[in-house]
Amino acid sequence: MAWFKKARKPRASSTAKKPSRVPEGLWVKCPECAQILYNKDLEKNLSVCPKCAYHFRLSAAERLRMLLDEGRWTEHDAQLTSTDPLQFTDTKAYCDRLRAAEEATGARDAVIIATGQLEGMDVAVAAMEYAFIGGSMGVVVGEKITRGIERAMDARCPVVIVCCSGGARMMEGALSLMQMAKICAALARLDRARLPFISVLTDPTTGGVTASFAMLGDLNVAEPRALIGFAGPRVIEQTIRQKLPEGFQRSEFLLEHGMIDLVIDRREMKAALARALRFMGAAAAPAPPPPLAVAAAGDAGQ
Ligand SMILES: [Zn+2]
């Protein structure tokens, strides 16, 4: 039966990679409900799974595009870059990590500072970029956010910070920790100037970022099911020697326990922020900025 006899062993063909029929990047699988989603549909839905409302992580630029009118903004301090002050090396040299992150994201550090309009109101927005060394806060992130807040004070406009960070940048040691105090001090000045600050917590917001500016908003809002915490659950369990409850460190749990003010679906985020800013006295851009005299009188009263 020569017809069925194979002259060569079939092994070579079976181990060879089968070319995929689907071009890469066209489809995405939802990690929550395993639904296969068409990438373009997902994008249109602001990267929220239409079936189970799982929120995919957004890049800083996507975030700004989603929040600001017509997806337009002016970026500030884009040229700032870390000088690697400690000449730090772990498994890889820090300067190599920086270069790799720069190549991967096209950004110089883990935050974009932008000014633009949100439903017609002038706002200063800082959006953190998780793809850049875990969105970690080093000297550059601290400096850029601080300058952003100061710029907002000069322009008398509210501040929105979208947090997405693993915390302080270990490769910059104590210098990265100092950024916590620096940003908090700038926020205190913003508060004294009677300008609102809304903190938007997204998945994940942890470590030194949670421990400083992320929780200092006049309003702290979070996306659904975002991981928000300081130390990781394993460290806490080992320290307190107790089993942690279900859903610990997720937005809904924090809302229930009074740590945050609102959990807002991403598709409603822009409208909700605009409503909150209007309530806090932000005016549409063509109108004059909030009257200085009132703010000064309020200060004097303290
Ligand atoms: Zn899903």
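**Helix 10 and the zinc site**

Just after helix 10, Gly281 adopts a positive phi of about 100°. The structure described here is a predicted model. Helix 10 itself runs over residues 266-279, 14 residues in total. From the first C-alpha to the last, helix 10 reaches 20 Å, close to the 20 Å expected at 1.5 Å a residue. At the N-terminal end, the helix is capped by Asp265, which places a side-chain oxygen 2.9 Å from the backbone nitrogen of Arg267.

Looking along helix 10, the reader will find that Arg266, Met269, Ala272, Leu273, Ala274, Ala276 and Leu277 are its buried residues. The cover over these buried residues includes helix 3 together with several strands, among them strand 4 (111-118), strand 5 (121-128) and strand 6 (159-165). Strand 7 (197-205) and strand 8 (219-222) also take part in covering them.

Attention now turns to the metal. The zinc ion is held by the SG atoms of Cys30, Cys33, Cys49 and Cys52, at 2.2 to 2.3 Å. Angles of 107 to 113° among the four donor atoms make the site tetrahedral. Along the chain, the donors follow the spacing C-x2-C-x15-C-x2-C. Cys33 sits in the loop between strand 1 (27-29) and strand 2 (36-38), while Cys49 belongs to the loop between helix 2 (39-44) and helix 3 (60-67), so this pair ties together parts that are 16 residues apart in sequence.

Cys49, with a relative accessible area of 1%, is buried.

Technical notes
Residues numbered from 1 in each chain as written. Predicted model: local features only at pLDDT ≥ 70, side-chain atom pairs only at ≥ 80, totals over all residues. Heavy atoms only, no water. Donors = N, O, S within 2.8 Å, 3.2 Å for Na, K, Ca; no water. Tetrahedral: all angles 85-135°; square planar, octahedral: opposite > 155°, others 65-115°. Helix = DSSP H or I, 4+ residues; strand = E, 2+ residues; numbered from the N terminus. Buried < 20%, exposed > 50% of the residue type's maximum accessible area, 1.4 Å probe, protein only. Expected span 1.5 Å × (residues − 1). Contact = heavy atoms within 4.5 Å. Polar contact = N/O pair within 3.5 Å; in protein donor to acceptor, adjacent residues only side chain to side chain.
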